[in-house]
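I opened the model to look up the ligand site and the packing of a few helices. My entries follow in the order in which I looked.

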Amino acid sequence: MSKKLVVANWKMHGNLVVNQQLITSYVQKLLPFKNIQVVVCVPYPYLAQAQLLLGQTDIAWGAQNLSKDIEGAYTGEVSVRMLKDFGATYVIIGHSERATAYCESDENIATKFMQAITHGLTPILCVGETLIEREAGVMERVVAKQIDTIIQMYGAGIFADTVISYEPIWAIGTGLAATPDQAQSMHEFIRNRISIHDKSAAQRLKILYGGSVNPQNAVQLFVMQDIDGGLVGRCSLNTDEFEGICRAASEISPS
Ligand code: PGA
């Protein structure tokens, strides 16, 4: 079993004062959990603050999106090089809150995924189905399509040392997480889907679960064979809750 990965997704929350308190207490409280990797994905304007406060710690930081282009007349976009200027090492790609609201296509998401890898950032690709799709029993087909677009464009080997986060849309921010069995079943499906083409890439890929992870359900989720950690929204804004999730990951992670 590999080291667990816990990623905080702050979404569009925070300000300079609140972030300073949150990061300072992350640094203090998460210090004992040396056998896990923690990453904080902040809104773009706070990357410099994250770099300043986390630069000398084991906690990594990243962004919640990036442009598919490198430079040019793209008003409002932020490129991978700009993220790297602020020491970011991870970037969330294709989160459902963006994919739906900003009409991101699977092809766009695939290009961003490649862009991150080419420039040395670890992409965290979000995939997942809606409640209607789950109830219709087509959730695997939906997730397969999201992954297959990348495989078709760039090959399955690209997934080695990257991160996929399975985030059922019905579980995000609802307090209703997937059960450990539901999550494990999808994680296994994802790993197999990549393994058909490239076994080693599938083994080196980390698959996180995201969607209402909290200190109460974290252990049961993280203990599942194909769940390598979590992508945490709401509970990452509360240090005690985030600490509880990191403790759960640390208890299971190899020392
Ligand atoms: P949540 O968000 O933990 O608040 O459900 C997870 C996410 O959207 O990444």
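I began at the ligand and found one of its oxygen atoms 2.8 Å from a polar backbone atom of Ser212, a polar contact in the sense of a pair of N or O atoms within 3.5 Å. An oxygen atom of the ligand also lies 2.9 Å from a polar backbone atom of Gly233, and on the side-chain side I noted a polar atom of Glu167 at 3.0 Å from a ligand oxygen. Taken alone the ligand exposes 290 Å², of which the protein buries 97%, with areas from the Shrake-Rupley method and a 1.4 Å probe.

Before going on I wrote down that this is a predicted model, in which local features need pLDDT of at least 70 and side-chain atom pairs count only at pLDDT 80 or more, while totals for chains, interfaces and linings use all residues. Residues are numbered from 1 along each chain as its sequence is written, and side-chain values use heavy atoms, with hydrogens and water left out.

Which residues are the closest to the ligand? Of the 13 that surround it, I listed Lys11, His95, Gly173, Ser212 and Gly233 as the closest, where near means a heavy atom within 4 Å. I sorted this shell by class into four nonpolar, six polar and three charged residues, with Asp, Glu, Lys and Arg counted as charged, Ala, Val, Leu, Ile, Met, Phe, Trp, Tyr, Cys and Pro as nonpolar, and the others, Gly among them, as polar.

Lys11 sits in the loop between strand 1 (5-9) and helix 1, where helices (H or I, at least four residues) and strands (E, at least two) are DSSP runs numbered from the N terminus.

I then followed helix 1 (residues 16-29), whose axis comes within 10 Å of that of helix 2 (residues 47-54) and crosses it at roughly 30°; axes are lines fitted to C-alpha atoms over the stretch in contact, with angles from 0 to 180 degrees between N-to-C directions. Leu16, Asn19, Gln20, Ile23 and Val27 in helix 1 meet Gln49, Ala50, Leu53 and Leu54 in helix 2, contact being heavy atoms within 4.5 Å. By class I recorded six nonpolar, three polar and no charged residues there.

Against helix 11 (residues 239-252), the axis of helix 1 again comes within 10 Å, crossing at roughly 35°. Here Leu22, Ser25, Tyr26 and Lys29 meet Thr239, Asp240, Phe242 and Glu243 of helix 11, and these residues divide into three nonpolar, two polar and three charged.

Note on methods. A polar contact is a pair of N or O atoms within 3.5 Å; within protein, one must be able to donate a hydrogen and the other to accept it, and residues adjacent in sequence count only if both atoms are side-chain atoms.
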